Amino acid sequence: MKLPEKPSKIKTVRPETLEFIILYNQLKGKAFTGNIQLAEVLGFNSASSITEIIKSRQNIDPEKLKIFKEKYRDYINPPKKQEITENSAKKPIFEGIPMYEVIATASGVEVYNDINDANPVGHMNFPGIEDCDFALPVWGHSMYPYLENGCWVALKVIHDTKILPGEVYYIEWGDYRMYKRLLAGDNPDEVIAHSDNTTEMVGNRLKYAPFVIKLEEIKKLCLVKDIHKKHNH
C-alpha cells in the first residue's frame with residue numbers, strides 16, 4: 001500500500017525578501033539604528049516583525065520593501081564621484097582681481113592716470129586678496145620703503161570713507177590720484193596725507209612733504225591690502 005506524500009516544509013522565500021535582508025545588513029547602523037526605528041518607518045506594529053523577516057525568512061510585503069528603498073535611497077544609491085565633481089564644478093572659481101597698468105603722469109608729484117581709461121592687463125590671484133577689488137602698480141618713490149617702485153598693490157574699495165589712521169591708501173581727490181599713508185588731522189573732517197619717504201630733500205625742504213585733505217574731497221578711497229613684486233607676475 002502506497003503511503004500519501006507528506007507536504008513539503010521548505011518555505012519559499014520571495015526575491016523581494018532576499019533583497020530586503022541584503023539591504024538590511026548593509027544599512028543597519030548607517031541608515032537606521034535598529035529594528036525599533038525601522039519598524040516605525042515601515043509601519044509595523046512592533047520590532048519583532050523585522051526580526052521575523054531577518055531571522056525566520058518571513059516574506060516581506062512588496063509595498064513595505066518599496067517604502068524601505070524610497071526612505072533610504074540615498075544610502076542604497078549614493079551619489080557617484082563624477083556627480084559630486086560636477087556639482088563642485090558649478091561653484092564659482094575665484095579667477096583673481098583685475099590688474100590695471102596705469103602709470104604716473106609727468107608732474108612734480110606722483111599722479112596716476114585714470115583707472116577708468118585702462119583695460120585689465122591680467123589678474124592677480126593668491127591667498128588673502130579674495131575680498132580685494134583690483135590691483136594697481138606703484139610708480140615713484142614717495143612711499144618708499146613701504147611701497148617700492150614697480151610693485152603691484154591689491155586694493156579694497158572703502159565706500160564709507162572711514163579711515164584707519166596710519167594705514168596706507170590709494171586715494172583720488174580733485175585731479176590727483178596717489179598712494180599715501182593717512183593720519184588723523186587736527187579736525188575730524190580732514191586727514192593728513194603722509195609720505196613714508198622722508199629722506200629725499202629739495203633744498204632744505206622735504207621732497208614729499210605731508211599735506212591736509214578734506215574728507216569730503218576724497219572721490220575714491222582704497223585700502224592697501226597686499227603688496228606683490230612686479231617681477232612675480
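Contact here means heavy atoms within 4.5 Å. Helices (H or I, at least four residues) and strands (E, at least two) are DSSP runs, numbered from the N terminus. The model is predicted: local features need pLDDT of at least 70, side-chain atom pairs count only at pLDDT 80 or more, and totals for chains, interfaces and linings use all residues. Residues are numbered from 1 along each chain as its sequence is written, and side-chain values use heavy atoms, with hydrogens and water left out.

**View 1. Contact of α1 with α4.**
From α1, Glu16, Glu19, Phe20, Leu23, Tyr24 and Leu27 meet Pro62, Leu65, Phe68 and Lys69 of α4. By class, seven of these residues are nonpolar, none polar and three charged (Ala, Val, Leu, Ile, Met, Phe, Trp, Tyr, Cys and Pro count as nonpolar, Asp, Glu, Lys and Arg as charged, and the others, Gly among them, as polar). The axes of α1 and α4 lie 10 Å apart at an angle of about 30 degrees; axes are lines fitted to C-alpha atoms, for helices over the stretch in contact, and angles run from 0 to 180 degrees between N-to-C directions. The two helices, α1 and α4, are therefore roughly parallel to each other (angles under 35 degrees count as roughly parallel, over 145 as roughly antiparallel, 65 to 115 as roughly perpendicular and the rest as oblique).

**View 2. Helix α1 and its buried residues.**
Helix α1 covers residues 15-27, and its 13 residues should span 18 Å at 1.5 Å a residue, which agrees with the 18 Å between its end C-alpha atoms; the expected span is 1.5 Å times one less than the number of residues. Glu16, Thr17, Phe20, Ile21, Leu23, Tyr24 and Leu27 of α1 are buried (buried means under 20% relative accessible area, exposed over 50%, partly exposed in between, with a 1.4 Å probe and protein chains only). These buried residues pack against α2 (35-42), α3 (48-56), α4 (62-71) and α5 (73-76). After α1 comes glycine 29, with a positive phi near 90 degrees.

**View 3. Contact of α2 with α4.**
Leu38, Val41 and Leu42 of α2 meet Lys64, Ile67, Phe68 and Lys71 of α4. This contact has five nonpolar, no polar and two charged residues. The packing angle of α2 and α4 is about 110 degrees, and their axes are 9 Å apart. Helices α2 and α4 are therefore roughly perpendicular to each other.

Asparagine 197 sits in the loop between β7 (190-194) and β8 (201-202). Its relative accessibility is 4%, so asparagine 197 counts as buried. Neighbours within four places in sequence aside, asparagine 197 is in contact with His141, Ser142, Tyr144 and Tyr208. Tyrosine 144 is joined to proline 145 by a cis peptide bond, with omega about 10 degrees. Proline 145 belongs to the loop between β3 (134-137) and β4 (152-157).

Most residues other than glycine have a negative phi, and most peptide bonds are trans. Arginine 57, in the loop between α3 and α4, is not a glycine but has a positive phi of about 60 degrees. At 35% relative accessibility, arginine 57 counts as partly exposed. Threonine 161, in the loop between β4 and β5 (168-173), is not a glycine either and has a positive phi of about 55 degrees. Threonine 161 is partly exposed, with a relative accessible area of 32%.
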